[in-house]
Amino acid sequence: MTEQDTNQGIPVPEGDAGLIETDYTIGQDNVEGQLGPFGFDVHNPVFMVSGLSIVAFVFYALALPEQASAVFGWLRPWLTSTFDWFFLGAANIFVLFCLFLIVSPWGAVRLGGKEATPDYTYIGWFAMLFAAGMGIGLMFFGVLEPVYHMAISEPLGVPSPIAEDGSIIPENVEAAKKMGLAATIYHWGLHPWAIYAIVALALALFTFNKGLPLTIRSAFYPIFGDAVWGWVGHVIDILAVFATLFGLATSLGFGAQQANAGLEHIFGIPNNVSVQVVLITVITAVALISVLRGLDGGVKVLSEINMGIAALLLVFVLLAGPTMTIFGDFLAGLGAYAADIAPLSNPFGREDTGYMQGWTAFYWAWWISWSPFVGMFIARVSRGRTVREFIICVLLIPSLVCVLWMAVFGGVAIDQVLTDPTASAVKTYVIDSYVPELSLFAMLEGLPLASITSFIGIVLVIVFFVTSSDSGSLVIDTITAGGKVDAPLPQRVFWCTFEGAVAIVLLIGGGLGALQAMVISTGLPFTLVLLLMCWAIFKGLTSESR
Amino acid sequence: MFRKIMVPVDLRHTESMQKALSVAADLARHYSASVCYVGVTGSEPSELAHRPEEFAEKLKKFAEGEAKERGHTATSHMVISHDPTTELDDALSRALAETGADLVVMATHLPNVTDYIWASHGGTLAMHSNASVMLVRG
């Protein structure tokens, strides 16, 4: 005898949704077993092939460092200069497709079924997608990019206000200031978030509404049918694991170098490999604790804490800097972005190739190579939102926050450079010599309480790495477990540790640069993957009830 | 002595839980208590179900089967967790509060070295709940 269940506190009922009927059972290709005291449950080819090929590439980079750095060092700029039009054009399509979905009737489709309720509150959700998406980049590029585009890269041919002898050319100042911000906002605004939104929406739709496993291959079901469960799908998933793990490991290696440079600059802590290895070990250890605490107890809590600290730093810089000028910059930058987004995103016939290929195409390849990781993580935490709500929140709100961040950090830095060029540390580290990892600290130096705010800056960098490392382990584990979200915990611990180990090995043996260039090169095949995803999303949405 | 017995089940591995299931049924008949079978799932599709409601249906069928086979009163209760791998302890505590059970009977593994790193779910539940907890070794 049974009673009707009462499931308080959980999202029921799910309502209508266009389930895909397939004979495939999640986990049917998995190998389950016990390795000593540890249980495992992994997808057969995906786990082994991606794990072994990662080890093989690390060996290659260590055994033949010059060849590896020559090959990948050539490959990355070759791709971004040869396929610049493709990256720019594709990114434009992603933005337009997202905007179309907001206004289209399919915007009303709810992820997770017609009556699903959101898993997370707006604050928790937003903090997580932001921390995974670009938190770390904001710390690194917030000062560097606006100053660099204002003074050096000359986007759309807008001339630099700084003459070769270091003096200011007053008539160039206004236009260059605006362009510095607009050109930066362009890289951190609608386009990157549209890239993430496409991947996240595709995965959320095919997982929560269609009932397919939470892996990248599921988004291709409308295109390949049941063949996605075979080698086509294996290759897609392996590429995603490969890009995610190397992307995280190389960023972790470089991040440790940046944090070390900051620590040396502020506290005089020696800048060497030993300190950096300690930093990576600490970050990985904290990430492991976060992994063990799970999605809600670990990464969500850390993301919210980091969001709070970052907001405090933003408010401090805003108040300590020339507040009214910054507000003016924010509005002017936003206006310039709106005015220049069309020429900046034009893929053809450009003369500012230094900016377009060296920065824009590079960024697009970078965002796209990260998109399987960030997209999958965003998908995982976005159940219960409508497509319209999802796109607005993933595309427009983070874009606005990035605009504000860039306007504040970049605005203060530009102001420092133009007001007193001889005393500006930002000018020294960005314009006179190129030491990007010190640009944030150089800007903070010009404000009160510099050692405290710089320390907070380093803490933020480290915690953003912890959240990336944690959410990355979650994503890699889910993909290599064939879409299972309840695979044994030691697997997640394994991926988190493996990522830290790869970072340490590459840091000691060399090869961080080469392998990061390789990861960014995966942006090219993934651009095709994303274009196909747009079509798959369209197909998927049209079969949903609204 | 006991009114409601909560039995956490992993529907993928019911064959390895036979001893615990049998003990729970015996106790239920002895004390005229009802058994509530609790299953924890994520909202993502799994090998058991495409969506939570399908999981709830399977859990309900399982409870019906147990009730019929072993002759006791049974209900089922599904708990959705954002991250079932790491949040199982929280999910079980929540289930205990929601079902109002006063005894938990659950299958557990033989202790090994990993218990020093992360404690068993049964042990954690016993540590944090007011209900009696009976762990049944495989």
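Predicted model: local features only at pLDDT ≥ 70, side-chain atom pairs only at ≥ 80, totals over all residues.
Local features need pLDDT of at least 70, and side-chain atom pairs count only at pLDDT 80 or more, while totals for chains, interfaces and linings use all residues. Residues are numbered from 1 along each chain as its sequence is written, chains are lettered from A in the order in which they are written, and side-chain values use heavy atoms, without hydrogens and water.

Chain B meets chain A through 35 residues of chain B and 50 residues of chain A (contact: heavy atoms within 4.5 Å). The buried area between them is about 3,500 Å² (accessible area, 1.4 Å probe, lost by two parts on being put together and summed over both). Carbon and sulfur atoms give 53% of that area. On the chain B side, B:Arg51, B:His82 and B:Trp118 lose the most area to chain A, together 18% of what that side buries.

In chain B, α2 (52-70), β3 (73-80) and α3 (88-99) each supply at least two residues of the side that touches chain A (DSSP runs numbered from the N terminus: helices, H or I, at least four residues; strands, E, at least two).

The second largest pocket holds about 640 Å³ of space. A pocket is an open set of points on a 1 Å grid over the protein atoms alone, where a 1.4 Å probe fits, with protein on both sides within 12 Å along at least five of seven lines; lining residues have an atom within 4 Å of a point. Of its 24 lining residues, A:Phe140, A:Phe141, A:Phe362, A:Trp366 and A:Gln516 are the closest to the centre. Helix α12(A) gives the largest share of the lining, 6 residues.

Over all chains, the whole structure has 20 salt bridges. A:Lys177 pairs with A:Asp329, the closest N and O atoms being 3.8 Å apart.

Note on methods
Points joined across faces, edges and corners; volume = space filled by probe spheres on them. Salt bridge = Lys/Arg side-chain N within 4 Å of Asp/Glu carboxyl O.
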